[in-house]
Amino acid sequence: MRLLDSLRFCIVALFHRSQMNAEMEEELRSHIQHRADDLELSGFSRVEAERRARIEFGGSLRVKQDCQEAAGGTLLESLLQDLRFALRMLRKSRGFTIVAVVTLALGIAANAVVFGVMDALILRPLKVPQADSLYGTEYGVDTGFQSYPNYLDLRDRNGSFEGLAAFTFAFVGLDTGENPSRAAGYATSGNYFDVLRIQPYLGRFFHSADEHGPNSAPYLVLSYAYWHSRFQDDRGVLNRVVRLNKHPFTIIGVAPPEFRGTVLFISPDFFMPIVNQEQVNGENLLDARGNTHGVFETFGHLKPGVTSAQGVADLKAVGAFLEKTYPKEFAQKSYSLARAGLTSFGRAVRAFMTGLMLLAGLILLAACANLGSLFAARAADRSREVALRLALGASRTRILRQLLTEAVLISLVGGTVGLLGSIVLLRRMSMWQPFPGAPIHVPLNPDARIYGVALALALVSGFLFGIVPVRQVLRTDPYQIVKAGSAGRVGRRLTIRELLLAVQIAICAVLVTSSMVAVRGLARSLHGNYGFETRNAMLTFTNLAMAGYSGDGVAAMQKRMIDAIETIPGVERVGLVNNYPPLIYAAGSRVNIFKEETRDRRPSNIASTPYGFDVSPEYFDAAGTSLLAGRTFSWHDDKNAPAVGLVNREFAGKLLRSIHDAIGRYFALQDGTRVQIVGVVEDGKYLSLTEDQQPAIFLPALQLPSSQSSCLVVRSHRDPQQLAGAIRSKLRELDAGLPADISTWNTMLDVVLFPARVATVSLGVMGVMGAMLSITGIFGMAAYSVSKRLKELGIRMALGAQRKEVLQAALGRPFKLLAFGSAAGLLLGILASRVLAFIVYSATPRDPLVLTGVVLAMSLLGLLATWIPAQRALSIDPWILLREE
Amino acid sequence: MADQAQLLPGTLDLLILRAVSLGPLHGYGILLRIGQISGNALLIEQGALYPGLFRLVRQGLLKASWGTSENNRRAKFYELTAAGRKRLRVETDNWNRLATAIGAALGAQPEEV
């Protein structure tokens with residue numbers, strides 16, 4: 001109650017100071033008037049009476065001050081006093097202040113950035129109504145992928161979802177009549193927007209009622225961003241007809257600005273009905289139940305009262321039904337539900353962000369330990385001042401409050417600086433599009449939550465390191481210190497300060513170790529063997545559907561493209577692979593392989609599911625994949641010749657025991673085709689760099705239904721830009737309306753290396769931060785230790801100590817701490833690095849280079865940090881020093 | 001803050017509470033009343049009164065309101081709150097005990113020891 005009261009008075013005092021002053025003045029004036037009235041009654045004139053009353057009352061200024069203090073000004077005033085004093089002290093020791101603020105700002109910025117990313121990716125649901133009950137279905141190892149017929153069954157047979165929507169990606173050439181260009185969007189089920197419960201910004205959305213079988217709903221909804229950039233916010237865009245891969249679609253609406261699709265970092269340009277996907281893909285992906293890539297993800301709101309466990313059970317029941325009904329095309333896999341928005345990437349993203357948050361937390365901890373030891377050293381330096389103030393009657397709480405005020409002030413300034421830095425960084429990151437042409441970006445919006453977290457962290461750490469010297473102050477005996485002077489004792493005991501420093505160095509060594517492991521891992525994956533040669537290889541992606549090719553026209557056009565590009569001077573080889581070559585986007589779909597003799601080709605009888613690539617005869621030469629045995633394809637391996645295939649070493653070894661045994665053997669595809677193995681090629685990476693060695697088969701594109709989406713691998717030593725220009729003009733000669741994406745294989749690999757790169761960059765930054773923190777920590781400690789013992793060192797030198805002995809006396813302890821802390825950190829770092837192996841290809845801490853690197857780095861940091869204090873210790877002139885003291 | 005309150009003489013507060021307990025008064029009136037009830041034995045410096053009043057208001061023992069005095073002047077009137085009344089009772093008891101004890105101690109004769 002009293003606390004509340006005094007608080008109220010403080011606030012009143014703060015905001016109504018002038019009003020209070022006026023009231024106080026009036027009250028005092030009233031008092032003097034009353035006194036004057038009495039004096040007047042006893043015979044004085046009014047003027048004289050008032051004069052006397054004023055004199056009797058005395059100095060009203062002092063009274064007013066006393067009153068203000070009594071009325072509750074004291075807490076505020078003393079707080080202001082503390083603040084002013086703290087500011088003065090911090091200004092006086094500028095070096096300390098700067099080091100402290102920078103240290104904390106680093107820690108806070110690291111945490112705010114990581115938290116900002118985590119907030120955007122994990123904590124924040126999609127910006128749609130009731131996002132909390134919106135769940136995406138995960139399905140087996142391939143996560144969200146489904147076939148369209150399976151989706152329909154899931155939608156109609158489950159009782160847990162209010163409605164189930166589905167979507168997949170659509171990459172098209174979009175022609176408004178002026179310049180055709182590539183656009184990326186979602187092909188969605190008709191109920192997509194209704195399930196999401198969102199309303200259009202402009203026009204209307206399409207609904208289930210618009211779907212009347214294949215290609216029945218040529219409608220297009222634009223995303224707000226695309227409407228803004230491509231159509232310049234033109235409201236007249238409604239009912240306009242544009243061409244998607246040459247097929248007319250009518251623009252019927254624009255999505256609201258805050259809605260950016262249902263995968264958090266892939267924002268679409270447009271939404272189209274999935275029933276029309278045949279028009280843009282050129283082939284029908286919706287009818288085959290066995291095609292597991294018809295739908296990217298299904299999602300919906302769980303009905304009120306239905307738990308996610310019940311939802312999963314329901315999905316499993318539908319899955320069991322499907323397996324029984326379609327044994328050939330459907331194998332039950334594990335179902336689970338996850339918050340929509342990240343479904344398929346959730347686990348990896350979450351693991352990575354948790355790891356990163358952990359490291360950021362370590363940075364902050366190290367920063368706190370660093371600041372704690374700085375503050376402790378400072379408190380020790382000020383022990384004489386503290387003792388004097390105690391002796392003069394200051395209370396210990398008052399002194400502690402003073403120290404805490406300083407700590408909080410530093411934490412606020414450091415926190416603000418860190419926060420500002422992180423906002424700049426987050427803003428830039430949200431602008432950043434890692435892959436040109438791909439609609440991938442991270443929706444980061446620094447907001448109140450991030451500011452709050454950063455400031456709270458800053459304050460908490462301020463208190464954490466602020467209380468480090470408390471014990472020191474509480475135990476101060478003013479008389480001892482005033483008597484003994486500031487020299488202090490040279491203890492052999494481990495002080496809190498030293499312990500903190502050791503902890504901090506250990507943490508920093510962990511960070512340095514993990515960043516080195518990551519960097520080394522990345523370096524290895526950049527120079528690893530992928531099973532093909534990425535240098536001097538240019539990839540040309542085309543989708544013939546965009547130019548209206550279909551049926552037999554496709555293969556003929558592809559042959560023409562190959563022949564045309566081969567005539568370009570400097571081009572050595574041109575190979576074709578359907579869809580994507582290894583390691584690019586969703587390269588290599590899995591193929592079901594059966595033993596030759598298997599008659600019943602149901603899912604449970606599958607012998608292996610290698611990655612499958614459909615390639616032209618020259619592909620292996622163009623890609624630089626070496627043949628280990630047998631032969632490659634020729635142009636004679638076409639539809640009229642017996643089916644043949646190549647396998648990789650892994651496939652040959654696992655399934656057929658040896659490379660040479662494999663040649664001439666047969667296996668069967670899902671449709672029963674017997675394929676004879678005519679060659680074995682080297683192993684490689686197919687989908688991701690971190691995958692274990694996978695089996696793969698290569699089939700001649702000529703023997704398979706042609707695919708409009710294909711990639712030409714062009715091997716040439718020419719300058720990539722010139723070459724790209726030459727390829728482009730050759731293709732334009734063939735068909736001016738065919739958009740093509742041309743870039744080097746290495747550039748495209750950036751996409752695959754993206755997670756590893758992000759991990760490496762983040763870890764690298766963390767490592768650098770850790771290194772900086774340990775430098776400031778060791779430097780502070782060493783400088784302090786030297787300045788504390790100047791006199792002792794001077795005497796030692798006067799008595800004839802050698803430079804080595806002086807250095808040992810001055811810096812022995814910091815160095816011991818450094819060695820101890822580094823060793824502990826290195827061990828911990830090695831343990832922590834196991835986690836990294838998930839993200840960074842071939843990240844192994846048991847790498848002599850990493851180990852020596854860490855040891856070298858830490859000793860270098862130690863040398864760097866102790867250099868100046870060592871110079872100072874060596875430059876002591878005992879005579880001057882002893883005279884001064 | 002608490003330290004400073006302790007440093008101030010407690011008797012002034014007690015006298016103010018007592019003076020106000022007889023009816024709402026403005027500052028000058030409190031001075032007169034204290035003089036009156038103490039038979040003019042206790043004279044309080046005029047300037048010292050007001051910090052005491054503000055302190056008591058802050059502690060919730062007094063409450064203040066503006067009104068018109070008998071001289072037809074605007075003045076701030078103070079009266080006891082419930083807490084103030086209770087405090088006055090406790091402090092009066094304490095004072096009486098202390099006074100009795102000190103009186104007894106000072107009045108002790110050699111033969112009684």
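This is a predicted model: local features need pLDDT of at least 70, side-chain atom pairs count only at pLDDT 80 or more; totals for chains, interfaces and linings use all residues.
Local features need pLDDT of at least 70, side-chain atom pairs count only at pLDDT 80 or more, and totals for chains, interfaces and linings use all residues.

**Exercise 1.** Describe how helix α13 of chain A packs against helix α14 of chain A.

*Solution.* Begin with the elements themselves, which are DSSP runs numbered from the N terminus (helices H or I, at least four residues; strands E, at least two). Helix α13(A) covers residues 396-431 and helix α14(A) covers residues 448-466, and the two pack at an angle of about 150 degrees with their axes 8 Å apart. Here the axes are lines fitted to C-alpha atoms, for helices over the stretch in contact, and angles run from 0 to 180 degrees between N-to-C directions.

Next, turn to the residues in contact, meaning that their C-beta atoms, placed from the backbone, lie within 7 Å. Among them are A:Leu403, A:Ala407 and A:Gly414 of α13(A), together with A:Tyr451, A:Ala458 and A:Phe463 of α14(A).

**Exercise 2.** Is strand β15 of chain A buried or exposed, and which strands pair with it?

*Solution.* A residue is buried if 20 or more other C-beta atoms, placed from the backbone, lie within 10 Å of its own, exposed if 12 or fewer, and partly exposed in between. Five of the five residues of β15(A) (residues 611-615) are buried, so this strand is largely enclosed by the rest of the structure. On one side lie A:Tyr611, A:Phe613 and A:Val615, and on the other A:Gly612 and A:Asp614, all of them buried.

For pairing, DSSP must find at least two bridges between two strands. Strand β13(A) (residues 589-590) runs antiparallel to β15(A) and is joined to it by two bridges, with A:Arg590 opposite A:Tyr611. Strand β20(A) (residues 696-700) runs parallel to β15(A) and is joined to it by five bridges, and A:Phe613 has A:Phe698 as its bridge partner there.

**Exercise 3.** Which strands pair with strand β19 of chain A, and in what sense?

*Solution.* Strand β19(A) (residues 674-681) has six of its eight residues buried. Strand β16(A) pairs with β19(A) in the antiparallel sense over three bridges, whereas β17(A) pairs with β19(A) in the parallel sense over five bridges. Three bridges also join β18(A) to β19(A), in antiparallel fashion. Finally, β18(A) and β19(A) form a hairpin with four residues between them, and A:Gly672 in the turn has a positive phi of about 95 degrees.

Notes: Residues are numbered from 1 along each chain as its sequence is written. Chains are lettered from A and ligands numbered from 1 in the order in which they are written. Two residues are in contact if their C-beta atoms, placed from the backbone, lie within 7 Å.
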